[in-house]
Every structure is written in structure tokens, then in C-alpha cells.
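Subject: Structure for you to look at

Hello,

Here is the structure I said I would pass on. Please open it alongside this message, and then read the notes below.

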Amino acid sequence: MKRKQLKFVVGSSVIILTLAFLAFSGYQESKAYYLTVPELHAMKGASAEKQLKVAGDVVPGSIDRTESKVIKFVISQADEKTHKVETLHVKYVGNDAPPDTFIDRAQAVVTGKLGDDGVFVAHEMTAKCASKYEKEAAAGVKRPTE
Amino acid sequence: MAQIGQFALALAFVVTVYSIAASLIGIRVKHDKLIASGRNAAVGTFVCLTTAFLCLVYLFVVSDFSINYVAGHSNRDLPLYFKISAIWGGQEGSLLLWGWFLTGYAALVMIQNWRKHTAMMPYVTAVLMGSSLFFTSMHLFIANPFNQVVSIAPGGARVPFVPADGQGLNPLLQYILNAIHPPVMYLGLVGFAVPFAFAMAAMLSRQLGDTWIRTTRRWTMVAWFFLGTAILLGGKWAYVELGWGGFWGWDPVENASLMPWLIGTAFLHSVMVQEKKGMLKVWNMVLIILAYTMCLFGTFLTRSGVVSSVHAFAQSSIGGYFAAFIVISLSGALYLLLDRLPLLKSENQMESIVSRESSFMFNNLILLASCFAVFWGVMFPVFSEWIKGVKITVGPPFFNRVNVPIAIFLMFLTGVGPLLAWRKASTNSLKRNFLWPAAFALASGIVLFVRGIGRPILKAPEELGQALFQKLLGYSFTSSFYALLAIMMSTFVAVTIVREFYKGARARSHGTGENFIEAVANLTLQNTRRYGGYIVHFGFVLLFIGWAGQAFTTDVSTEAGIGDRISIRQYTLRVDKLGVEDTPNYQSMKATVSLFEDGVKVATMGPERRRYKAGEQQTTTEVSIWSTLKEDVYVVFSGATADGKRANIQVYYNPLVMWVWLGGIVLGLGTLIALLPNKKSGPRKRPQAADRTEEQKDVAEKVS
């Protein structure tokens, strides 16, 4: 009986260890630090080599599609403590077209690396519409002036 | 109407509380009438919530914008069917749908088991109504869909106010698949509440035989069926609507539905071991507790905005309540399990690693491992922020690394498991069952390899200097190699399944004189569980092949004017026209594109870009897809250039995608067959046991 159970233990351990190894290698390959614009500026310099995901709101009027296959825009976000608005210039060079929700004021999350010139080069991006009215609807209050 | 709805919600709340109290007190004082009253009250809650739901339907149909929820999620020009689907377009309505389905299921369970399982049923009522209490209180106090729009007058007083038009439904939801996707998803998620309730009731009443499993077998399958269907519908929706060329992106919302499905799949398999062998009793309890927890957790993830997601539509305050509810349910259930542990002793032990029960065990192990990996990946940003103070996210490579090998191994078990004997499979039976499937799998592998699939991609010279081990590692990680393995495994499983049907039907037609087709049909209908299961497995084979095709997708992205051509593999696309269309709901820019395969015109495609008029004037991409069994050509029109003369066009070449949807359909059919009761076998001549051939014995042994 003991030997039979040993087989199960060994079999299961092999499976679990293999999966753990695969999980770790997948983690190494795809991990990205998720930061807001002010957080990115706060960690200056140290971040050039790392894969980053940066979140911020698209500054109205900043989307520039004049170059083909490249979209330049600016995202901004206010610092939680000081309320100072910080901005980041982004150059999107990804293969896929930007999502439909990528418009002025959308909440964008860009994935890529910060260049030496301070421009963020992104190869991936997601965007959500500014959910201004969702929040107020949740509170059950809406102002007629809007 | 809104008042009636409000009242119905309040009544539902009171009746739910009564039902729980009556059931529990009834058991305590052994008062049958009180228990029956609790049960009737449970059915009553369904009546209340149905009323509330119908009121909400009415408010949406007549576009009553004095109601905040209606004003926020609908508008006048929305087509009627989207006005109705807009009910679950937001938080309040989605929750109401959840709660309504839960009481609906509860009512069905009560009616189905009206006079059965007298010791267990009062507890079932109490547990189901306990869950329901959470939802009814959410409807009433936290996310009430019947609240009115109010404006704030100078001085802070709240004045009722009726907006001229609603904010409109999110255009991404204005798509028929996504209109039915949420209800199907909820039917699945809520469905696991029933086996969960029976499991809890079994422990509470100390009736720990397999009654709870037998009673809820069909319920589990129904829930599993809806959940799987919803996942596929979601994938189909993402594919045709989101415009990024794929159907699965490991988004948190997708993962939220995958996790309960994985656990549910493990549960469906491991209960068989308990039924046949009296083993894994504790394990099954753990699985059903986890499955239901994952259902709640999935709802929590999509509804709370804890993790950011492309399609997390809601961001709200209900997260805390949900988390509390999950913690309470989970800890209550686990406490109960610990307390009843001595009563859940296994009647048998694992004897051999090559046996049916052992294959089920490994199936469970890796399904759970997969769920764990997905959970870890989804929650990583949250955990890393707690521990290290920085949010670290993981992307698709993480999920694929772990889950692709798991899926391939699972496919292997799918082929092997059902054919292994209980206790211990003999070497002889292994040879008999697996020689041919293995040969076919190998042959398919060789053919594909010769045609260039699964070959390592030649790397840059400096990388060739790596150690052999690393090279092998890098090689085995290529998606092409995995696709090769996946297709070999699929062949293996497909051959085992076809052979099972063939051998079974042949043995049967020898015995009964039926022709082959009749024999297949009757074989299936008289053993729905086994042969339905095979059909489900076959659906997976198809799905798996489609999924393997994803390793070979390619795409081009270009700017094209009228008359320009775009080439991808054997296809050429020519832009014929760029135009504008106008409807009351949206305005659309449309490209008309001719598709040529090897120079022959096969289709005219019309990808669009729409701007919806209501609310925030969101734009959506309407892709155009040319779909064949071999591949899809998927065309996205992502906008015209500033002068309007050229179009930005992406073309994706996606092999075998149709197999995924076909697999889904077969999977659903198989599940439905497995749900059927076994047809009684008519009087027929049975061959004497001694006369049976080896093959007939083999079939008889497996079917028993």
C-alpha cells in the first residue's frame, strides 16, 4: 500500500513542480509594473529597463495621428497627495489598432518602456471611457445642468 | 409600476427572512407545518422577484426616464430588444437578474423535491434562501433599480426630475450575442448554488451518503452547461465585436467565468468516483464549496472593479458587501466541513496509478492547478500591492505557459480516462484500447511535422550557442510545437471516441439485429450519461483543434485607398468603396472590400466603424469576417485618413476558428444528451455471457 501511494505522491509532485516552473517563467516574461503617471515620475531613472503599465487620462486634443502607424498622445493624472497634475508623452507603436474607447479623456493604460527622452514607447494599450456618469448614477443623483 | 416593483422587493426581503426562520425553527422543534410553510415561502420569493423583474421590464419598454436606472442605460431610439437587454446592462439590473434566477432555481428545487428527502430539504431551503437574502437585501438597500432621478435644488433639497432622453446603452452591448450572454452566464453561476445547498444540507443533516450527489447531478450539469455556453458566447462576442482578432485574451472578466467552470468540471468528474467507489467524499465537498465560491467571486470581480479590465463596465461600492458575503459563506461552509470530517470517511483506496479513479484524480489535480494559476494571475496586482506596495500585473504569456500544457495533458486524460477499468487496468486492455488511437495520433503528428508544423524556428546565430537544455526548453515553448502536440492528442481522443461508438454499436447490433445507425442511437439513448459524455468529449476535441489553430494566426495592417490591394497568405483584398450610412441609432463609415482566394473572388466584405448618437457618442468597430472550415479572414476598418480618401485596414488570417464554435455546439448537444434519462431497453435477445466475444465483454464492462 505504501509503495502505491508513493507513486501518486511522486506523480502529483512532478506535475505540480513542472507547472510551478512554467508559471514562474511566464511570470518573468510578462510581469509589468502598474503605475499611474505621478508614480512613474516619482521613481525617475530606475524604470528605464523595466516593462511598465502606466495609467492616465488622455489629455483632450493631444491625440496626433499624422504619422502612419504611430499615434502620439499625452496622458495625465493628478497626484493623490499633492493634487499636482503630471503628464506623460506617449508614442504608441503597437500592431493592433487602438481600441474604440480610445478618445479624449478616456482612461488609458499603456504597456511598454520609458525612453531616454522621457517619451513612453507603448506596444499595447487598453482604454476605458471616462465613467463620469456611472459614478453619479451609482449615487442616485444627477444634475439637470449636465 | 416603480412602486409595485419597490413593494415586491420589500416583500421578497421579508418573505426570505421568514422562509429561513421557518425552516430552521421547524427543524429544531420538528414542526412539519412550519417546515412546509418555509418551503412555500421560498417559492413565494420567486413570485415577488418575478413581479419586480416584470416591473423593471415594463419601465424599460415604456422608457420611463424618471427612473434613474432606466435613464442611465437606455434611450428612446434604442430598438425594443436592446431596451430589454439593457435591463442587465448595468449594476442594479444585473444583480436583480442574479437574485431572480436564484429564487427561480430555488422554487424549481422545492417543487421537484416537494415530498422527497424530508430530513435534508429544510436545510436546502435555508441555505438557498440564505444566499437569496444577500441578493434581496442588495436589491432593496444598496443597488435598488427603482430609484428615481432627482436633481439637487439650490439649498440641497432633492427634487424629482425627468430627463428628456436616456444616456443610452453602451454600444459594445448592442449586439445580440452580448444581449443574451449575461443571462446565460448568470444561469450558470447561480446554478451552482443548488448543488452547494444540497451539499451543505447533507452535512447539516448528517445524511452523508450520495443522495445529495445523485439529486443534484443534473443540476450541476445544467449549471455547467450554461456556464460553458456563456463563456463561448462571450468569446464569440469578443471575436466579432471587439475587433482585435481573437476570442480569448485572459482578461480578468473572462477569467472570472473560467474559474468556476474549471472547478465545476473537476466536480462533475470526481462525483462519479464517489458514486461508484465511495471515495473522495471530502474532496467533493471541497470542490462544490470552491465552485460556488468561485461563482460568487466571479460576480464580485466583474461587478466591483477590484482589478481593471477592458470590459469591466461597473466600478462601484458593492465590492465590500460581496467580499463580506463570500467570506461568510466560505468560512461557514469550511467550518461545517471540518466539523463533519469524521463522517466523510472513504470506503476504498486508490489501488493503481493506471485506473479510472486515478485518471479522475489527475484530472482533478490539474483542473484545480489551472484554476489556481488563473486565480493567482488575476489577483497578482492586488496581492503584490498588499505585500510589496507595487502593483505588478501578469499578461497572457503567464496564463498560456501554465494552461497550455495543462490543456494538452487534460486532453490526454480525456482519451485515456473513460477507457480505463476501475481499480486497475490490465496491460492487455491497455493494448486493446489504445494501440490504434496511439498509432493514428503518431501518424497525424508525422504528417503535420513533415508539412512544417511544430518545427523549431531558426534562431539568430548567437542564440544557437546556448546549452542544449535551454535550446530544448525554448523549442518546447513555441506555440507551433504545442499546436502539434494538441492536434496529436485530439486525434488520439477522437479515435478512441469513434471506436467506442463503433464497438458498442456493433456489439449491440449483433445482439439485437438492429442496423448500425439504430444501434448507435439506442446505445446512446440507453446510456446517456456515458455516450453523452463521449459526445461532450468530442466537442472538446473540435474546440481543441480550433484552439491549436491560433498558433498560426498572421495579420497585416495597412493604409489603403480605393483600388488598392492587400495580400495575406492565399488571399487578396481589394478596397472598392468608402462610404457613409446613417440610421437613427448610429452613423457609420463603411469600406466595401472584395476578397479573392487564389485570384478568384469569393466574397464582398463590409467592415464598418460606427458612431452611436446617444450619450457620449461612443464609436465601435464592426468587423467583417469570411469564415470557412479552414480559416477566417477577419477585416477591421479602423478609420479613414483625414482627407477621407484612404482607409486604415487590418486583416487577420485566423486558421480553424470555426472549429471552436462547432466544438461548442457539439459540446452543448452532448450535455443535453447526458441530461436525458436513460431509455428503458425493450425485450431483446441477450447473448449468454459465455458466448460473448471479447469485445462485447469489454463494452459491457465499461457501460456497467
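How many bridges join strand β4 (residues 554–561) of chain B to β13(B), and do these strands run parallel or antiparallel? Eight bridges join them, and the two strands run antiparallel. Before the rest, please keep in mind that this is a predicted model.

**The strands around β13(B)**

Strand β13 itself covers residues 646–655 of chain B, and eight of its 10 residues are buried, so β13(B) is largely enclosed by the rest of the structure.

**Chain B as a whole**

Chain B contains 22 helices and 13 strands. Its radius of gyration is 28 Å, close to the 27 Å that the globule rule gives for 704 residues, so chain B is as compact as a globular protein of that length. The C-alpha trace of chain B spans about 90 × 80 × 60 Å along its principal axes. Of the 704 residues of chain B, 49% count as buried. If we take the contacts in chain B between residues at least 6 apart in sequence, 73% of them join residues at least 24 apart.

Chain B is divided into domain 1 (1–150 + 157–174), domain 2 (175–375) and domain 3 (551–658). The C-alpha centres of domain 2 and domain 3 of chain B are separated by 39 Å.

**Two helices with mostly buried residues**

Helix α10 of chain B takes in residues 252–277. Its 26 residues reach 38 Å from the first C-alpha to the last, close to the 38 Å expected at 1.5 Å a residue. Of these 26 residues, 21 are buried, so α10(B) is largely enclosed by the rest of the structure. After α10(B) comes G278(B), whose phi is positive, near 65 degrees.

P252(B) is placed in helix α10 of chain B. Why does P252(B) count as buried? It has 22 C-beta neighbours inside 10 Å, and a residue is buried if 20 or more other C-beta atoms lie within that distance of its own. P252(B) and V374(B) are 122 residues apart in sequence, and their C-alpha atoms are 9.1 Å apart in space.

Helix α5 (residues 91–112) of chain B has 22 residues and reaches 32 Å between its first and last C-alpha, close to the 32 Å expected at 1.5 Å a residue. This helix is mostly covered, with 18 of its 22 residues buried.

**S132(B) and what it touches**

S132(B) is in helix α6 (residues 121–142) of chain B. It is buried, with 28 other C-beta atoms within 10 Å. Which residues is S132(B) in contact with, leaving aside its neighbours within four places in sequence? They are T16(B), T45(B), G99(B), L102(B), T103(B) and A106(B). S132(B) and M221(B) are 89 residues apart in sequence and 21 Å apart in space, C-alpha to C-alpha.

Chain A is divided into domain 1 (1–31) and domain 2 (32–131). The C-alpha centres of these two domains of chain A lie 39 Å apart.

Where the chains meet, 49 residues of chain B are in contact with 38 residues of chain A. Helix α14 (residues 396–416) of chain B gives the largest share of the side of chain B that touches chain A, with eight residues. The residues on that side of chain B divide into 23 nonpolar, 21 polar and five charged.

The two chains also pair through strands. Strand β1 (residues 32–36) of chain A is joined by three bridges to strand β3 (residues 391–393) of chain B, and the two run antiparallel. In this pair, A32(A) stands opposite T393(B) of β3(B).

Regards

How values were computed:
Residues are numbered from 1 along each chain as its sequence is written. Chains are lettered from A and ligands numbered from 1 in the order in which they are written. This is a predicted model: local features need pLDDT of at least 70, side-chain atom pairs count only at pLDDT 80 or more; totals for chains, interfaces and linings use all residues. Helices (H or I, at least four residues) and strands (E, at least two) are DSSP runs, numbered from the N terminus. The expected span of a helix is 1.5 Å times one less than its number of residues. A residue is buried if 20 or more other C-beta atoms lie within 10 Å of its own, exposed if 12 or fewer, and partly exposed in between; C-beta atoms are placed from the backbone. Domain bounds come from an automatic or database domain assignment. Two residues are in contact if their C-beta atoms, placed from the backbone, lie within 7 Å. Ala, Val, Leu, Ile, Met, Phe, Trp, Tyr, Cys and Pro count as nonpolar, Asp, Glu, Lys and Arg as charged, and the others, Gly among them, as polar. Two strands pair if DSSP finds at least two bridges between them. The radius of gyration is taken over C-alpha atoms; the globule rule is 2.2 Å times the number of residues to the power 0.38.
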